[in-house]
Amino acid sequence: MKILVHKRAQVPVKVISSNGEETVLESTTCTAALWELAGRFPHELIGWCEEAYSQQLDLTKWNDIFHHNLIMASYAVDSTFLPESIGYVEQLPFANLNREVLYGTWRMSRDVGGIYGKVLLRFKPLMNQVKDFEYLLNSVAKLGQQNSLFCYSAPGLVKEPPAKPVIHTASRQQLFSFVYQHYNSVWLLILIWCIYKYERKFPVKSFLKGVKTEKYFQKKVDLSEIPISSCRFSEVSEAIDVIIPTMGRREHLYNVLKDFSEQTLLPRKLIIVEQNPDLNSGSDLDYLEKEKWPFEILHHFIHRTGACNARNLALAETAADWVFFSDDDQRFEKDLLESIFKEIKKFGVDGLTTSYLQSGEKKNFTVPKQWGTFGAGNSVVLGEFARKVKFSPAFEHGYGEDMDYGMQLRNLGCDIIYHPGLIIHHLKAETGGFREKTNMDWEMEHIKPKPSPTLMAYALKYYSKEQLMGFRTSLLLKYYNKQSVKNPFRYNREMRESWKKSKRWAKKLLLLEGTFNQRAV
């Protein structure tokens, strides 16, 4: 391990070596020194640290944090690069991070962090011209996260990390450059509009200077030849319980159970929650008793409908080390569970979401990566995390409960990885399922709330103020061509009213879970 000690990301001071050997640098800038260390020691972890915090490093935890080659991590002790206005263009969970836990994010800090040398060198042909140290760290993480680099805010890098707020060091021009390089160009226009509208500033000069850079958006960096073998789990328990909510899909569920019964690695227990709103009805799943199954089956038949309640009821019955969240209309190969555990051990992850394509769909991503959402029908989660949170009643009979559950996991320190090589086929059956079509009160209003109140509820819970305003602006633009009102002034008035209605309904929904913080937004 080589750790570059620097002064405010400007001047390299010295190099701390894990073996005590002295390393003399030829470079005179931090960026050049980082490239130099990666080139000279490609098989070692290359770290960086602000001089003021060099005595606060908790090196006993670094091996646990960097437990395989494709990990980049940092921690903002008192400074981070991009301002919170990056939220105007980034609504994924990675922008608004929880600094108290290990949290997946591409937002890197100069204060302390690290990346393996051979990984960093893969970005050099594309980013060798970047001179600013902090800009380079954030660019590597932002592009890398789309190419199988797993990036984290890791408080364990330092001893007793402070809870004080951090300062932002990027200039306005650097913010525009970063957005121009790493996002679709339309987001640059949304950014300057939001800054003008919500901050009452119009930085044209910074905007024009910021677009004179090379774009990294959707560029590929090949990390496939770098071996991954996590040292996090010496052994991985393969005990797994499966939860399946269902309603009116007798034949589809039977096929799912058959697929589980033929697995090369059998689940320990299946918990099935069957719903039927008819109080005089009985179970439709007689084959649960008539046939023999190679695992325990717990069957709940209830008259209350709703995916959130059903999953919570099933979760309460789990006891295995891992929980598989399954739908009742999917098919998969015999080695699915065995393959999942192989990848869990390889990557050392606590949460894994599989590919979940419908017929005719194509994969948007081809490499494993950190995931911005969560699949409640195709995910495996470490039981100690899965049982600590519940599906929120605020999202019952709507949509977004899986995203909300995923955010609860992240805020506990559980990262979620999407793996395109693990495939479950989603049949998307037209009838049945676990949702009952419910006419919500807001659907009766003349001017409908936009976005959906459940989606607004998610935004109010987890978005920063900037993310919420960026979401509102992008919604305004996206929906314009999908509606009949073409007068922009009338359209804007109606959308303002729809937004207000959505917020009112969302706050009512969030009162159901009792955790809504009345934030002024």
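A positive surface patch is formed by Lys 197, Arg 200, Arg 493, Arg 496, Lys 500, Arg 504 and Lys 508 in this predicted model, in which local features require pLDDT of at least 70 and side-chain atom pairs pLDDT 80 or more, whereas totals for chains, interfaces and linings use all residues. Residues are numbered from 1 along each chain as its sequence is written, and side-chain values rest on heavy atoms, with hydrogens and water left out. Patches consist of residues with over 30% relative accessible area and no salt bridge, like charges being joined within 9 Å and nonpolar side chains (Val, Leu, Ile, Met, Phe, Trp, Tyr) within 5 Å. Lys and Arg count as positive and Asp and Glu as negative, without His or the chain ends; each charge is placed at NZ of Lys, CZ of Arg, CG of Asp or CD of Glu. Accessible areas come from the Shrake-Rupley method with a 1.4 Å probe, and for residues only the protein chains shown count as cover.

Helix 17 (residues 488-510) makes the greatest contribution to the positive patch, with five residues. Helices (H or I, at least four residues) and strands (E, at least two) are DSSP runs numbered from the N terminus. Lys 197 belongs to helix 7 (residues 186-199) and is partly exposed, with a relative accessible area of 35%; the classes are buried (under 20%), exposed (over 50%) and partly exposed (in between), for a 1.4 Å probe and protein chains only.

Across the whole structure, 22 salt bridges are found, each defined by a side-chain nitrogen of Lys or Arg within 4 Å of a carboxyl oxygen of Asp or Glu. One of them joins Lys 142 to Glu 90, with the closest N and O atoms 3.9 Å apart. This pair links distant parts of the chain, 52 residues apart: Lys 142 is in helix 5 (residues 133-145) and Glu 90 in the loop between strand 5 (79-80) and strand 6 (103-104). Both Lys 142 and Glu 90 are buried. Arg 250 is partly exposed at 25% relative accessible area, while Glu 251 is exposed at 51%.

Seven strands build an open sheet of mixed pairing in the order 2-1-3-7-4-8-6. Strand 2 (11-17) and strand 6 each have a single partner strand, so one side of each lacks a neighbour in the sheet. Strands pair if DSSP finds at least two bridges between them; strand 1 (residues 2-7) and strand 3 (residues 45-50) run parallel and are joined by five bridges. Lys 2 stands opposite Ile 46 of strand 3.
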